[in-house]
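Visitor: Could you show me how to read the helices and strands of a protein model, one feature at a time?

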Amino acid sequence: MPRLLSVISQKGGVGKTTVALNLAYALACRGHRTLLVDVDPSGGIGLSLAGKPSAARGVFEWMRNGGEVEDYFIKTRQDTLALLPVGHPPRGPLTSWITQMNSPLPLQMIAEAASAFDLIVVDTPAGLSGPTWGALLASTHALIPVASQPMSLRTLPRAMEAIGEARALGSPVELAGVVLTMSRFQSATRAAVASELWSSLPGDVVLDAHVPLDETFTDASAAGVPVSLLRRRPPPAAAAFDHIAIEVEWNLGLSYDEEEDAPIYLVG
């Protein structure tokens, strides 16, 4: 079974979808067969990507119509990455669908169907109920983005408590880390939030890598691509997710074939 990493946040607007999309792409580029799943009714992953994903059927249609969930997977130009968008939940009340997604069963079924993958990254809606709660119950790991804003920092304890509550109910979920987003150390307020985050949590909880406040991410979203694909030569901001991927890879226990992992000599 693949590891299942949910990207969660009590508060919206912290860059959760940006993290989920770009981290999934970075992990796939590092050789991990990755499935990116969107369970946010707003469809952030589909809206962040140009072309087929924004109009494609997904989790909602599979749950409504049945059939094989892998039929809804979308291949990408990166052969180690596939997508499962949320689809098109109704514009009216979502009570019934949200109730279904409050259970771990849908994602557990997706994980069983995705046995060929090493990892499933799940983008969840803001808040800790409904699809986010179901994702936590089904997950092996959770990643919490915290924007370098005071309000975002104040919501962190509740997200961490939710992980503990899910574990108390039998979920295997572990904290993969807390990642600082929208960081700009030239700003006294943002730097103070970062300092408080680093000082209030154990050193192995907060990732060393962080996501800067950079217009490049807005440009990538407007173009409908991961930031690494914004230009033929990836912009500097893309390196943030390469670094995050390395730390997450380690924290999740994702590994390579040790027999093939050997020094590569620069000069033959």
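**Reading an enclosed helix and its surroundings**

Guide: Eight of the eight residues of helix α6 (residues 131–138) are buried, so α6 is largely enclosed by the rest of the structure. Buried means under 20% relative accessible area, with a 1.4 Å probe and protein chains only, and helices are DSSP runs of H or I with at least four residues, while strands are runs of E with at least two, numbered from the N terminus. This is a predicted model, in which local features need pLDDT of at least 70, side-chain atom pairs count only at pLDDT 80 or more, and totals for chains, interfaces and linings use all residues. Residues are numbered from 1 along each chain as its sequence is written, and side-chain values use heavy atoms, leaving out hydrogens and water.

Visitor: What covers the buried residues of α6?

Guide: Contact means heavy atoms within 4.5 Å, and the cover includes β1, α4 (95–101), α5, β5, β6 and α7 (150–168).

Visitor: In which order do the strands form the sheet?

Guide: Two strands pair if DSSP finds at least two bridges between them; here seven strands form an open sheet, ordered β3-β4-β2-β5-β1-β6-β7, with mixed pairing. The edge strands, each pairing on one side only, are β3 (74–75) and β7 (174–181). Strand β6 (residues 141–147) runs parallel to β7 and is joined to β7 by seven bridges, and Leu143 has Gly177 of β7 as its bridge partner.

Technical notes. Buried means under 20% relative accessible area, exposed over 50%, partly exposed in between (1.4 Å probe, protein chains only).
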